[in-house]
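Dear colleague,

Please find the structure below, handed over for your records. My notes on what was found in it follow directly after.

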Amino acid sequence: LVPFPESTVGEGMKSGKEMLALYKGGDDQKPNMHPKQKELLVKLAQVGLLTVLFAYISYRELQPLYWHMAGGLSSSKTGGYAPSSGHCENDLKSRVPQAVTLMDIAFPWKHVKPLDVEKTHSWNVPRPEGWEPKLAAEEKRAKKWIVITSINAPTEQVEQWSTLHPEWRLVVVGDKKSPKDFNQANCIYLPWEEQEALGYRIAKALPWNSYSRKMVGYLYAIQHGAEVVYETDDDNGFKPDMPLTNFLPQRAPVMTLAADPTKKVANPYAHFGIPTMWPRGYPINAGLDKGIDADAILSYESPVPAARFVPIQQALADLDPDVDAIFRLVRAKELGSFKFNPAAPPLSYPAGLMSPYNSQNTVHYASAFWGLYIPGSVAMRVCDIWRSYWAQRLLWEIGGEVAFLPASVDQVRSAHDYLGDFLEEVQIYTQAGKLVSYLRAWECGKETLFDCAIKLTHDMAIAGYWGSLDVEFMEAWLADLHDLGVENPKVTGMYKPIAMGEEATITTMTGVKVRKAL
């Protein structure tokens, strides 16, 4: 009921109190509501209904983000493993979310649970009592693994991956939305009901219906002998002439751009022949700049590629490459027909220069298994991009780089709502450029890579780039890797952070020395 002030009640209109009295009087009394009151009530009801629907859809689709806002909800109804404390938490109050506003729903990454900056976060925590690594039968072990997560029935592409050379094993990670009758020959399927029984900390810590649960598959592969992990999606199919053959050894001759401390990001799509396209995650102010093709004319460090340490390698995708929603909305008619230059040589970028990469056609060697981490407190369209920037910064601490290779798959993209993708990518549009500057200036100061990973994860949460739960997820992830015998590399200390606002003297291609802001 709309309680109009008494002073505004005119002839034929009833006050809120009078209307309430009529409604309480029984069914035989019919309230005589003024048309203006009816009109306003209808509008209020419409707004209320839309608000409820919006909140429900947001909760359903952005459940991992609500996880982050809840400050550590359990992943199961009976309690979940708390990585930092090493025990199961069954207190019902700990699973009650904090108050969530519409602003939190629209901009969930801005809501960061305050972290105890004095707390020591560590990956070296005791195993849960009674847990030991479960080694599978010898026939399930392999050195090369393909990892996919899917909520669909086996696609044509999944079937294709399952028929690859027998030295490659395929594992598919299910979720609560996955079909219960998933069945694919030559494939190890991990249904959601069995994942916690594997004993991994991260399996109990992560939310359900989250892309980050792909990490369960990574750990399964590592536990069963993986020396290299290839990650892709169920809508990517390899080219018949190069089924995972174009990836390089982790130390290989790769071309690289000349170092320029004033240049923060680079566009690999330009190097491979399409300078007017940019990858998802590329800072939008750079991606839409008229000089986007500048990368194609930059001088290389050397005409003869030198051997570089590239333990993470991203190969491109033809037909429908990974681009952001802005590109898709503007150039939708061209999607499905793009072809990169297959003759362009592999390329890496020196320390201080970044480019986003995805989790759709990527190889990680054992020395970079830590870089398979996928954050669980940001939207799905953001998680692997934030992972790529985070991992690149840490690679610089051990003298590593990311290599970009010619397209090796044809992507037949599954149906997507481009506007929905745009809304999920808002954090990229508003924060990617700032994140790159932040990472270039960030300093580790630790002796091992795992310690740097914990520190950077914590610092990014404090800075508001992802949620505080990712700090706990990271502790669980690194602890699992440690339990499975993954090497914790020593930091080289060769990278010197580039503080924001500094200036440097740069020699241009014509030999002129100029001062530029970093």
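A search of the whole structure finds 1 disulfide, a disulfide being a pair of cysteine sulfur atoms within 2.5 Å. This is a predicted model, in which local features need pLDDT of at least 70 and side-chain atom pairs count only at pLDDT 80 or more, while totals for chains, interfaces and linings use all residues. Residues are numbered from 1 along each chain as its sequence is written, and side-chain values use heavy atoms, with hydrogens and water left out.

The disulfide joins cysteine 444 to cysteine 452, with the sulfur atoms 1.9 Å apart. Because the torsion about the S-S bond of cysteine 444 and cysteine 452 is about -95°, the disulfide is left-handed. Both cysteine 444 and cysteine 452 are buried; buried means under 20% relative accessible area, exposed over 50%, and partly exposed in between (1.4 Å probe, protein chains only). Cysteine 187 is also buried, at a relative accessible area of 18%, and for cysteine 383, likewise buried, the value is 2%.

Helices (H or I, at least four residues) and strands (E, at least two) are DSSP runs, numbered from the N terminus.

Leaving aside neighbours within four places in sequence, tryptophan 370 is in contact (heavy atoms within 4.5 Å) with residues including Trp390, Leu394, Phe450, Trp477 and Pro489.

Asparagine 209, a residue other than glycine, has a positive phi near 55°. Asparagine 209 sits in the loop between helix H7 (201–205) and helix H8 (214–223), and its relative accessible area of 27% makes it partly exposed. Leucine 319 is not a glycine either, yet its phi is positive, at about 75°. Leucine 319 belongs to strand E10 (residues 312–319) and, at 22% relative accessibility, counts as partly exposed.

Yours sincerely
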